[in-house]
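Q: I'm new to this one. Can you walk me through it?

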Amino acid sequence: MRIAVIGAGVAGLVAAHRIAGAGHEVDVYERWPGLGGQAATLDVGGGHRLERYYHHLFTTDRHITALYDELGMPDELEWRSSSVAMFARGRQWPFTTPGDLLRFGPLPPPSRVRMGAAVVALQRLANDRAPYERVTARAWIERWMGKAAYREVWGPMLRGKFGARADEIAMVWLWNKLRLRRGEDARDERLGYPRRSWEPLFDALRRSIESRGGRVMIDRPAVRIAAGLEVTAGAPGSFRRGHDPRTFEAAGSERYDRVLATVPSDVFEQLLEPGLLPDDYLRRLRSIEYFAALCLLLELDRPLTPYYWTNVADRELPFVGLIEHTNFVEPARYDGRRFLYVANYLEHGHELLDLTADAVLDRYTPGLRRVNPGFDRSWVKRTWLHREPAAQPIVTVGYHERIPPLRTPAAGLALANTTQVYPEDRGTNYAVRLGEDAARAVIA
Ligand SMILES: Cc1cc2nc3c(=O)[nH]c(=O)nc-3n(C[C@H](O)[C@H](O)[C@H](O)COP(=O)(O)OP(=O)(O)OC[C@H]3O[C@@H](n4cnc5c(N)ncnc54)[C@H](O)[C@@H]3O)c2cc1C
């Protein structure tokens, strides 16, 4: 069969790798002039690459680990100790081990014990997800861990991921997160990072696809999917016009036996010829909302904090997380250079999303000083700013009933994107699994 895969993020590349491996002819269309989608990297100079958005793996991420093995790159992944902190009441509190929880000042001591017991119960005893699908995390936590636990710990953590929608998030999301992060040793959480960034994985997948006669076309977006599975491609440079394919200039079309789109749901709808999919399917697509990620990457001349990951629980700070990559991977890997991501998740239309990197840094500087009063703009050697509109599907109560199936009602047309990763949260590991499921669905 001739199969088109739209999107060369992890899901699209893995699907194309499997489709080509099964002996089909595959064309991959990618809007961006590079591979990897949300896990794409940038050249930070000196022969080094870093992800545009901070990335690591958990020890439970077995699909992507197996893929590294299969591609002959098992040594690429390194597992390192992580260090987590919570910024609350004007200081950073270590938040990695059970002992840290017992010393967490913002929470009254009895609440610390109650919360610890509830977390252990969730991780070890609660095997059925159904009860957690019908209740918000806020209601569940306030009932079983207490109001202080939500106010001081979980509310801020959920805000770190879902911004203003934190209070509506279904408990199933947190239940699953806690279970996946239950490592063998609670005192030393290990996280994975590929020694040369995620880029070599994308290269290996591209080589595998091309070696079997497939085509991986970057800076070559899809503009339209029409009846008869006709895919119209966009002219080079279309990415400069943004994300909406209806604004791209058409540059030729081809027919396929199957089409697999791995783009966000809103982009998928914009690609469709009107009438190709029924209204009830489109309503389902629209019923899942995304938050945007705004990620400021700073090269600093010294560390800002001693931690890899800091959740910001103080709502006066205009960002939700600090991810100090070089407190995880040693600066020596980058010739002594240091990198910090300042993370935010925002609703579409938020004013911060329209600012330049310098303007965002201006807004963030007082907050960075709150975390480290010594921080000065002279510490910043370089800045990069990235925005991802479809960064985080909002997992509210009843979410699973709204997930669009892989196979759409149009024969031969499939969709695979982060809204379908459930009950786990989106992540490269699940994009690998999704790409494999999607390949099976389109070939069948
Ligand atoms: C801030 C942030 C932090 C993250 N941290 C982690 C982490 O620590 N660990 C982890 O494992 N995961 C992390 N993730 C999630 C992970 O990156 C994603 O879940 C995964 O990469 C999604 O892959 P995908 O292929 O499903 O989607 P995407 O990566 O979104 O791929 C979709 C692709 O479609 C392309 N496209 C869009 N429109 C068109 C068009 N018209 N024509 C052709 N192509 C088009 C896009 O350019 C993109 O390449 C993070 C994500 C973000 C935003």
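Q: Let's start with R2. Is R2 buried, partly exposed or exposed?
A: This is a predicted model. In it, R2 counts as partly exposed, at 23% relative accessibility.

Q: Which residue forms a salt bridge with R2, with the closest N and O atoms 2.9 Å apart?
A: That is E254. The pair links distant parts of the chain, with R2 in strand β1 and E254 in strand β13 (residues 250-255). They are 252 residues apart.

Q: What about D27 and R2, how do their side chains meet?
A: In a salt bridge, 3.4 Å from N to O. D27 lies in strand β2 (residues 25-29) and R2 in strand β1 (residues 2-6), so the pair ties together parts 25 residues apart in sequence.

Q: Is D27 buried or exposed?
A: Buried. The relative accessible area of D27 is 4%, and the cut-off for buried is under 20%.

Q: How many salt bridges does a search of the whole structure find?
A: It finds 36. One of them joins the side chains of R18 and E436, at 2.7 Å from N to O.

Q: Where do R18 and E436 sit?
A: R18 is in helix α1 and E436 in helix α13. They are 418 residues apart, so this pair also links distant parts of the chain. R18 is partly exposed at 27% relative accessibility, whereas E436 is buried at 15%.

Q: Which backbone atoms lie by ligand oxygens?
A: For Q38, a backbone N or O atom lies 2.7 Å from an oxygen atom of the ligand. For G427, a polar backbone atom is 3.0 Å from a ligand oxygen.

Q: How much of the ligand's accessible area does the protein cover?
A: The protein covers 94% of the 1000 Å² that the ligand has on its own.

Note on methods
Residues numbered from 1 in each chain as written. Predicted model: local features only at pLDDT ≥ 70, side-chain atom pairs only at ≥ 80, totals over all residues. Heavy atoms only, no water. Polar contact = N/O pair within 3.5 Å; in protein donor to acceptor, adjacent residues only side chain to side chain. Areas by Shrake-Rupley, 256 points an atom, 1.4 Å probe, with all protein chains shown as cover. Salt bridge = Lys/Arg side-chain N within 4 Å of Asp/Glu carboxyl O. Helix = DSSP H or I, 4+ residues; strand = E, 2+ residues; numbered from the N terminus. Buried < 20%, exposed > 50% of the residue type's maximum accessible area, 1.4 Å probe, protein only.
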